[in-house]
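Visitor: Could you walk me through reading a structure like this one?
Guide: Gladly; let's look at it together.

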Amino acid sequence: FLKSYSRHRLSYSERMTLFDKWHLVTLFGDVMTMGASLLKLMVEFKEVVHYDPCAVMLGLGSFFVWLASLRFLGYFRSYNVLLVTLRKAMPSLLRFIVCSGILYMAFCFCGWIVLGTYHPKFRSVIITSETLFSLLNGDDMYQTFKLMPTKPLPMYIFSQVYLYLFISLFIYVVLSQFIALITDTYSQVLSMPREEWDDHGHVMRLLDEQASARQLSVSIEDDDRVAPTRVPVDSVYGTTNSVNSTRADTSNAPSNRGDQSVAPS
C-alpha cells in the first residue's frame, strides 16, 4: 500500500514490526509439548528407554506456554510496563552485554591460566566462570580469598590484585551501568503516551496517513464527477440581450407593403 500510493518503501526492521513474535513463542511451545507427549507414549510402550529428552521437551513446552500467556497482559498499561521496558532496552542491553562479556572472558581465562594450579575454584574454565559469577553477585567471597595459598608470594599478590580488581570493576561499574540502562528505559516508558509503546506505531501512523489522504482524494474526484456543468452568467445575459435587441429592430423596421401605399402617385 505504501509503495503504491506514497512511494515509501518499508525497511526490514519496519516490516518486522508488523510480525507478531508471540506467534513464534506459541508455536514453539506447542511443538515442544506435542513432541514430549509423543516421547512419553513411546516410553510407556517401552520403545524408548531414556526419559531425559521427554523431560527436556516437556519442560520447554511448559515454559513457552507460560511465556506466551504474557501477551494478554499487553492490553493493560500497568501490567505491560515490564515487557515494554525489556523490549525498548533490549538493543542497548545486548550491546552492553557484548562489551561486558568480552571483559568477563578476559578475567576468566586469565584466572584459569594463572591461578588454576594454586586455587581449587580456578582449576578449569567452567569452574572459573562459576566462581567469577558468584563473586559478581557477592556470594562466597570470604572462602575464595581464604582458599588462596600465601606461597609463593608473587602468586598470592597477583591473586589479591586480580580478585579485588574483578570485584570492584564488575560490582561497582558493570552492574551499576546495567541497572542504570534499565532504569532509564523504565522512566522513558512511563513518560511515553500509550500509542508509542508498540514498535509498529510508526508504521501504523504512516498507513493511517496514507489511507486518509487516499480517501480524501477519492472523495474529491467523486465530487468533481457528480457536479453539474455551469454556464457562465455573463454569457447567458449576453445571449438574452442580443435576442431582445434583434426583436426590437424587427418591430421598428417598416414593412415594404406600407411604404408602397404611402408613396405619391
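Visitor: Where is the place of G59?
Guide: First, a word on the source: this is a predicted model, in which local features need pLDDT of at least 70, side-chain atom pairs count only at pLDDT 80 or more, and totals for chains, interfaces and linings use all residues. Residues are numbered from 1 along each chain as its sequence is written, and side-chain values use heavy atoms, leaving out hydrogens and water. Helices are DSSP runs of H or I with at least four residues, strands are E runs of at least two, and both are numbered from the N terminus. G59 lies in helix α4. Its C-alpha atom is separated by 9.6 Å from that of G29, 30 residues apart along the chain.

Visitor: Is S100 buried or exposed?
Guide: Buried means under 20% relative accessible area, exposed means over 50%, and partly exposed is in between (1.4 Å probe, protein chains only). S100 sits in helix α5 and is buried, because its relative accessibility is 16%. By the same cut-offs G59, at 39%, is partly exposed.

Visitor: What does S100 touch?
Guide: Contact means heavy atoms within 4.5 Å. Not counting residues up to four places away in sequence, S100 touches F170 and V174.

Visitor: How many salt bridges are there?
Guide: Side chains of opposite charge can pair when their charged atoms come close. The rule asks for a side-chain nitrogen of Lys or Arg within 4 Å of a carboxyl oxygen of Asp or Glu. By that rule there are two salt bridges. One joins K40 to E44, with the closest N and O atoms 3.1 Å apart. These residues are four apart in helix α3 (residues 22-44), so about one helical turn separates them.

Visitor: Which side chain meets K121 in a salt bridge?
Guide: That is D140, at 2.2 Å from N to O. This pair links distant parts of the chain, 19 residues apart: K121 is in the loop between α5 and α6 (125-136), and D140 is in the loop between α6 and α7 (141-146). K121 is buried at 17% relative accessibility, whereas D140 is partly exposed at 37%.

Visitor: Which residues form a nonpolar patch on the surface?
Guide: Patches take residues with over 30% relative accessible area and no salt bridge, joining like charges within 9 Å and nonpolar side chains (Val, Leu, Ile, Met, Phe, Trp, Tyr) within 5 Å. Accessible areas come from the Shrake-Rupley method with a 1.4 Å probe; for residues, only the protein chains shown count as cover. Here the patch consists of F72, L73, Y75, F76 and Y79, together about 610 Å² of accessible area. Y79 is exposed at 54%, in the loop between α4 (52-68) and α5 (81-115).
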